[in-house]
Structures are given as C-alpha cells and as structure tokens.
Amino acid sequence: MSHRSPYLTISLAILSLLLVFVLIINPEPSFQAAVRGLNIWWEVVFPALLPFIFVSEVLMGVGVVHFIGVLLEPLMRPLFNVPGTGGFVLTMGFSSGYPVAANLTTRLREKGHITKVEGERLVTFATTGDPLFVIGAVAVGFFNSEQLGYVIAFTHYGAAILLGMLYRMYSPVSPITAIYEKSQHPLLYRALQAMHRARLSDNRPFGKLMGDAVQSALQTLMVVGGFIIMFSVLLQMMQTVGITSFLNRVLFLLLGPFGFTDAMGKAGLAGLFEVTMGAQNTSEIQNISMMVKAAITAAIISWGGLSVHAQIASILSKTDISVKPYLIGRAIHAIFAAVLTIVFWKPLTIITQNVNTSIPAFLPSEHLLQAKSWWLIFSQMSTIAACIAIVLFLICFLLHKLWKQ
C-alpha cells in the first residue's frame, strides 16, 4: 500500500493538464522542438551509441567482462570499491557517453555481478560525456577550438575519477561482490578461465547473441530518443510561456551583485535541462574570459542535464539501484570539473599547444589543416586496424565451429 501524499498525485495531474493545454495553443513551436529533438537523436545520438551498445552486449555474452573483471580487480577495488567488472563499465562509459554506463551497470546488477551499493557507486562516476561530443560538438562546434576540447576533456574525466575515489566511501560497510577465487595460476590464466566459464554459462549460439545485442541496443536507444524529444519540447514550452525568463530574472536578482550576468543565467538554465543548449549558450556569453567559459562548460557537461538524468533513472528502474546517489554525484562532478578547469587552466593550455594531435585555438589555418590531416590519418588507421581484428576474430570463430563439426 502506498503512503504517498495525494497532493503529489493531484499536482502531477494539474501539471500534465497544463502541459497539454500549452501544447494545444502552441502547436507550431512544439512541433519544431520535437523535430529538433528527433534530428539530434537520429543524426547524432543513434549512430554514435548503437555500435557501442551492440559491442558491449556481445562482449558481455562472450565473457570478456569476466576476463576484464579478474584483471582489474586489484585496481578497481582499492581505488573505487567496485569489482573488477566495473573497469569494463568505466571504459565503455568514458568512450561512448552518458546512458551507456547506466545500461551496463543495470545488466551487471541483473546478472548478480555487482551489489546494489556497488552499482550506485559505479553508475555515478562512470556516467560521462563521450570524447567525440566534448571535443567535436562542444569545443570545435561552439568554440571553434579543439585545444579547448582537450582542456575540458581532461578536467571532465579527471573530475569523474576524483568522484569515484570520493564515492568509494559511500556506504562503506555494505556487502561487496565475492572476489574471484584465488589460485596459484597466473592472473592472465585465471582471467581467461573466468571468460571461458562465463561463455559456457551463457550458452547462447553466436547468432542469437548478436540478435539479442541488436534488440537490446535498439530498445535502449528508443527510450533515449523519446526522452530527448520530450525534453526538447518541454524546454521550448518553458521558453514560450516565459518560465525560463522569469527564472533568469530571479537568478540575476540573487546573484547579480556577485558578477552574475543575464547571459550566464540563460546558459545555466539551458544546461540544467540539456547539455548541448547549455554549452552553446555559454559559448555566446560576452565580456568574460575563456577560462570562465571553459569552467561553466565543463560544469554543464559534467552535470549532464535533466534529460540525461531522466534516461538514467528510466534505465536504473529495472533494478533496485537508487538514483539519488547518482543525482548528488552529478552536482559534485560539476563542481569538481569547474574547479579543476580554473586551477589547471594555464598548465593545460600550455601542454595542449605542444601536443601534435591537438589543434590549438590560435594556430594559422595551414597548421590547422595539417593537424587535421594527421589526426584523420590516425583515426582511419585505427579504424582499419579494428575492422581487421574483428574480421580475423569472426574467421577464427567460424573455422573453430567448422572444425568442431
């Protein structure tokens, strides 16, 4: 029996009816906002996340997660107080972006590979923006500076590591996942043995494993797309009826004496709901230094936005993992990222100017083209090497199947 107050139900019903009324009297702005959200999902999010989610599902099915778990147990446990399998989630979360870490954490919890508290720790610090978004969309797209992207990326991921080390003290007396059995065999042998046992336990044919991976990836991306479209419409409706302008005035009255400007309030409110709009508005702020812009942008990216939080909450709702530690961690992550950006601004800008693969903000155009060409060659060679490795793996797998027959 629920003990929630009926006033909450009534309030939610009234807000829903008001939203429907606003949508009816403003059909054109709501339609355009939905189209913008759909374009962002289809052109950016869908192609960026589908390969990562698909590959992560396959890797879990063939037992690579257990292989990494044995190898990284001596590192992940003392640093973050999570099992070694958290290293797989951390890697995929850092490389692929916001909802992937929550999806993998949910899968590990459903299979019993992590405890409730370990899942809450893991999803809190492994949920980050992906490098392509931080460096490409934000730094290059909005600030026209890849150098700034490397600075923000360093502070963003560095703050996530610090957050993970802080959250290792979260609920310290809670149960932990059983450590993989110790033996006299070398660590690599035990890791391969754990991977083989996991593959035998899964016991799905490889074709079915790939089909299930595609189905799971599409289901997750449909949920993500729905939230992106919904929050795009919601933010547009708030702007249409003047809610964002009112909140901006309140912030200016409260924080104006401390140097808070109207443009900063607009960027902060946009970033509260959605990362991309917040970063874009920050890039348009006038009369403040690039360091302050970078700190605000790093905080917005680390916060993630209510749109991302809704996606994470929806994914975690499949398990008993609470979303409250995650939300608190997002705020701490934003503060850490902003502080690190200010503290390390000068050394990071100096270091990134000397990195060959980076594109400094103030280089002449011919150097920009040369740096981009070298970076393009590097990325193409990496992609070709990865494709060759995948093809060789499939060939070996098929030969193994034929040999067994």
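Which residues in H8 meet which residues in H14? The points below take up this contact and then some others in what is a predicted model.

1. The H8 and H14 pair. Helix H8 covers residues 146–167 and helix H14 covers residues 290–303. Their axes lie 10 Å apart, and the two helices pack at an angle of about 50°. That angle makes H8 oblique to H14. The crossing of H8 and H14 is right-handed.

2. The residues of that contact. On the H8 side they are Leu148, Ile152, Thr155 and His156. On the H14 side they are Met290, Ala294, Thr297, Ala298, Ile301 and Ser302. Sorted by class, the contact of H8 with H14 has 6 nonpolar residues, 4 polar residues and no charged ones.

3. Threonine 341. This residue lies in helix H16. Its relative accessible area is 0%, so threonine 341 is buried. Leaving aside residues up to four places away in sequence, threonine 341 touches Thr155, Met291, Ala294, Ala295 and Ala298. Among these, Thr155 belongs to the H8 side of the contact in point 2, and Ala294 and Ala298 belong to the H14 side.

4. The H6 and H16 pair. Helix H6 (residues 116–126) and helix H16 (residues 324–343) have axes that come within 9 Å and cross at roughly 30°. Angles under 35 degrees count as roughly parallel, and H6 is therefore roughly parallel to H16. H6 passes H16 in a right-handed crossing. From H6, the contact uses Glu120, Val123, Thr124 and Phe125; from H16, it uses Pro325, Tyr326, Gly329 and Arg330. The residues of the contact of H6 with H16 divide into 4 nonpolar, 2 polar and 2 charged.

5. The H3 and H9 pair. H3 packs against helix H9 (residues 187–202) at an angle of about 150°, and the axes are 7 Å apart. Angles over 145 degrees count as roughly antiparallel, which is why H3 is described as roughly antiparallel to H9. The crossing of H3 and H9 is right-handed.

6. The residues between H3 and H9. Val64, His66, Phe67, Val70 and Leu71 are the H3 residues in this contact. In H9 they meet Leu187, Leu188, Arg190, Ala191, Leu192, Ala194, Met195 and Ala198. By class, the contact of H3 with H9 has 11 nonpolar residues, 1 polar and 1 charged.

7. Valine 70. Valine 70 has a relative accessible area of 5%, so it is buried. Valine 70 and glutamine 193 are 123 residues apart along the chain, and their C-alpha atoms are separated by 9.6 Å.

8. Two asparagines to check. Most residues other than glycine have a negative phi. Asparagine 81, though not a glycine, has a positive phi of about 60°. For asparagine 287, also not a glycine, phi is positive at about 65°.

9. Where the two asparagines sit. Asparagine 81 is in the loop between helix H3 (64–80) and helix H4 (86–96). Is asparagine 81 buried or exposed? Its relative accessibility is 11%, and asparagine 81 therefore counts as buried. Asparagine 287 is in the loop between helix H13 (275–283) and H14. With 80% relative accessibility, asparagine 287 counts as exposed.

How values were computed:
Residues are numbered from 1 along each chain as its sequence is written. This is a predicted model: local features need pLDDT of at least 70, side-chain atom pairs count only at pLDDT 80 or more; totals for chains, interfaces and linings use all residues. Side-chain values use heavy atoms; hydrogens and water are left out. Axes are lines fitted to C-alpha atoms, for helices over the stretch in contact, and angles run from 0 to 180 degrees between N-to-C directions. Helices (H or I, at least four residues) and strands (E, at least two) are DSSP runs, numbered from the N terminus. Angles under 35 degrees count as roughly parallel, over 145 as roughly antiparallel, 65 to 115 as roughly perpendicular and the rest as oblique. A crossing is left-handed if the near helix is turned anticlockwise from the far one by less than a right angle, and right-handed if clockwise. Contact means heavy atoms within 4.5 Å. Ala, Val, Leu, Ile, Met, Phe, Trp, Tyr, Cys and Pro count as nonpolar, Asp, Glu, Lys and Arg as charged, and the others, Gly among them, as polar. Buried means under 20% relative accessible area, exposed over 50%, partly exposed in between (1.4 Å probe, protein chains only).
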